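Hello,

Here is the structure I promised to pass on to you. Have a look at it first, and my notes follow below.

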Amino acid sequence: MGAQIRVYRQKIASTTSMQKIFKAMELIATSRIGKARQRVAASLPYSNAITRAVSAVASQSEVNHPLTTEPDNIRRAAVLVMTSDRGLAGAYSASVLKQAEHLIELLHGEGKDVTTYLVGRKAQAYFDFRGRDYAKVWTGGTDAPEFETARELRKTLLADFATDFDEGGVDEIHVVYTQFKSMVVQEPAVIRLLPLEVVEEEVESSSDLLPLYDFEPKPEDVLDALLPRYIEARIFAALLQAAASELAARQRAMKSAGDNANDLIKKYTRLRNNARQAEITQELSEIVAGADALNAS
Amino acid sequence: MANLEVEIVAADHFVWSGAATLVKGFTSEGEIGILPGHTPLLAVLAPGLLEIAPVDGSRFFVEVDGGFFSVDSNRVVIVADNAQLKDGATSGAGIS
């Protein structure tokens with residue numbers, strides 16, 4: 001009996017210390033999420049300006065740029081998967097990886113080769129464990145991405161995009177990341193980064209109409225300078241959304257883990273009290289039985 | 001006379017916005033000055049100093065290392081990879 005009480009006491013102690021960790025991680029995620037959302041908002045003016053400029057150039061000049069031209073035959077596709085560095089974020093990384101697997105299967109089904117690029121240690125671990133190849137991995141700072149990372153990603157992807165298929169180049173590039181819709185809803189999403197589809201927007205009022213721009217230098221050169229930045233901005237936006245989603249997922253996961261720990265502590269406390277009471281009852285009845293036996297003799 | 005409505009944004013943050021009478025900078029072709037009423041323009045920005053003259057008569061500089069800018073109907077949007085306000089500038093007119 002005494003052994004049982006000790007076991008419960010140990011369980012309560014270990015659950016309590018785990019609960020403290022969950023609580024701390026929840027608080028950290030909560031405090032960082034506001035900043036992550038601010039950064040998403042702060043990157044908007046840049047990406048809006050750049051999107052507007054790209055569509056201005058693309059709609060006004062009949063420029064054929066390699067980045068916007070659809071290749072006749074897509075033989076190899078690149079998939080960039082954005083996961084987190086650390087776990088304890090619920091199904092965050094798992095659902096991105098699941099989405100990526102779907103996409104890879106789909107691309108294979110279309111007869112394309114797939115090269116994967118990974119962001120985050122979780123994706124790396126997933127691919128390493130299964131002994132699968134990936135072209136490159138970026139780790140560190142997935143919960144607070146730097147613009148430099150986006151630039152590096154863009155450089156690598158564009159370099160591979162410019163390479164010939166026979167030398168290992170890719171013909172299209174997809175990105176799998178998590179869209180931050182709200183604090184409770186984050187959905188894995190896929191965007192095709194390259195070749196670019198410049199969206200022709202419906203013009204609602206005359207102020208939205210793009211004026212006829214002069215270009216300096218030539219439109220082709222302007223497009224040359226704009227497109228890499230546009231891609232960078234898209235990648236950076238995806239990284240920022242993924243970071244905000246990661247923190248939100250972690251916060252929710254840690255909240256429910258903490259709640260579960262609380263329930264367990266309550267349950268074990270009841271069981272321990274039961275065991276203690278049972279021990280007392282047994283001791284009493286032994287004493288009474290002993291006294292009875294002495295009286296009878 | 002109408003003023004220019006200037007907005008400067010960097011990749012990951014907002015830098016400055018406000019009314020100005022003149023924006024001077026370098027494109028890949030050479031120096032360019034924008035006054036109110038400039039024809040719509042989309043140009044590639046070369047690394048260097050941008051000079052901005054806000055309406056209050058002061059003058060300040062922004063160091064940029066590449067980017068582009070667009071001008072249309074007195075609205076100047078400067079999109080820089082990295083932009084650093086040089087001293088003398090107050091972000092008071094902006095909403096930074």
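A definition to start with: two residues are in contact if their C-beta atoms, placed from the backbone, lie within 7 Å. Helices (H or I, at least four residues) and strands (E, at least two) are DSSP runs, numbered from the N terminus. Axes are lines fitted to C-alpha atoms, for helices over the stretch in contact, and angles between N-to-C directions run from 0 to 180 degrees.

Please keep in mind that this is a predicted model, in which local features need pLDDT of at least 70, side-chain atom pairs count only at pLDDT 80 or more, and totals for chains, interfaces and linings use all residues. Residues are numbered from 1 along each chain as its sequence is written, and chains are lettered from A and ligands numbered from 1 in the order in which they are written.

**Chain A overall**

Chain A has six helices and six strands, in the sequence pattern α-α-β-α-β-α-β-α-β-β-β-α. Its radius of gyration (taken over C-alpha atoms) is 29 Å, well over the 19 Å from the globule rule (2.2 Å times the number of residues to the power 0.38) for 297 residues, so chain A is more spread out than a compact globule. The C-alpha atoms fill a box of roughly 115 × 45 × 30 Å along the principal axes.

**The sheet and its helices**

Five strands of chain A form an open sheet in the order β3-β2-β1-β4-β5, with mixed pairing; strands pair if DSSP finds at least two bridges between them. At the edges are β3 (136-138) and β5 (186-194) of chain A, each pairing on one side only. Strand β2 (residues 113-119) of chain A joins β3(A) in the parallel sense over three bridges, and Leu118(A) stands opposite Val137(A) there.

Helix α3 (residues 92-109) of chain A lies across β1 (76-82), β2, β4 (172-180) and β5 of chain A, at about 175° to β1(A). Helix α6 (residues 219-296) of chain A lies across β1, β4 and β5 of chain A, at about 35° to β4(A).

**Where chain A touches chain B**

The contact takes 23 residues from chain A and 21 residues from chain B. On the chain A side, α2(A) gives the most, with seven residues. That side divides into 18 nonpolar residues (Ala, Val, Leu, Ile, Met, Phe, Trp, Tyr, Cys and Pro), four charged (Asp, Glu, Lys and Arg) and one polar (the others, Gly among them). Across the two chains, β6(A) pairs in the parallel sense with strand β4 (residues 41-45) of chain B over three bridges, with Asp214(A) bridged to Leu41(B).

Best wishes
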